[in-house]
Amino acid sequence: MIEASWGSNPRFTGGIEYRFIRAEGKTFPSARCLIPCSEFHMRAAGGKRYRVTLDSGNFFYLAGVWEPAMADWPVCYRVITVYANSDISDYQERHGAIIHRRQVMQWLDATVPETELLAIQPAHTFFVEEMKGARAGKPGAQRRLAL
């Protein structure tokens, strides 16, 4: 595991720091990484915030790609996204590609085709709950993560 910054180097992308990359039409033959998660958050229209966990209660990983440190920008990563499944689509169009614990080495070693691993999850994969008050935390507070 290493500590990495979430988002690409804006120096090479016209001043924009990209934190996500769409899976469709792309391949990721190298620089794959995993972001360990127990939940992810989303904000829907009207500003309501939601916490999303696996319905099973298990932790999971988000599929990602990393970039080496360049100039004064640290090692960084971006989360690969897929179209939202039916549990999430009422709230937002996309979410991070889920890698289950049993798929970790398949993702890292590229032993299973990307199209199988970066797939839309079946219905009833996620549990979604509204976050209220102090439980919602500060938006964007986590910008660094050990990978």
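1. Basis. This is a predicted model, where local features need pLDDT of at least 70, side-chain atom pairs count only at pLDDT 80 or more, and totals for chains, interfaces and linings use all residues. Residues are numbered from 1 along each chain as its sequence is written, and side-chain values use heavy atoms, with hydrogens and water left out.

2. A pair of aromatic rings is described by the distance of the centres and the angle of the planes. The structure holds 6 aromatic pairs. Rings of Phe, Tyr and Trp (its six-membered ring) pair if their centres lie within 6.5 Å; planes under 30 degrees apart count as stacked, over 60 as edge-to-face and the rest as tilted. Trp 6 and Tyr 77 have ring centres 6.5 Å apart and planes at 10°, so they are stacked. This pair links distant parts of the chain: Trp 6 is in strand β1 (residues 3–6) and Tyr 77 in strand β7 (residues 76–83), 71 residues apart. Strands (E, at least two residues) are DSSP runs, numbered from the N terminus. Both Trp 6 and Tyr 77 are buried. Buried means under 20% relative accessible area, exposed over 50%, partly exposed in between (1.4 Å probe, protein chains only).

3. Edge-to-face pair. Phe 40 and Phe 126 pair edge-to-face, at 5.8 Å centre to centre with 80° between the planes. Phe 40 lies in strand β4 (residues 40–43) and Phe 126 in strand β10 (residues 126–131), so the pair ties together parts 86 residues apart in sequence. Phe 40 is buried, at 11% relative accessible area. Phe 126 is also buried, at 6%.

4. Cluster. Ring pairs join Trp 6, Phe 20 and Tyr 77 into a cluster.

5. Charges over rings. The charged end of Arg 32 sits over the ring of Trp 107, 4.1 Å from its centre. Arg 94 lies over the face of Tyr 83, 4.7 Å from the ring centre. The cut-off: NZ of Lys or CZ of Arg is within 6 Å of the ring centre and within 35 degrees of the ring normal.

6. Positive phi. Most residues other than glycine have a negative phi. Ala 31 has a positive phi, near 60°. Ala 31 lies in the loop between β2 (20–22) and β3 (32–37). At 27% relative accessibility, Ala 31 is partly exposed. Ala 71 has a positive phi of about 55°. Ala 71 sits in the loop between β6 (60–67) and β7. Ala 71 counts as exposed, at 63% relative accessibility.

Definitions and conventions: Helices (H or I, at least four residues) and strands (E, at least two) are DSSP runs, numbered from the N terminus.
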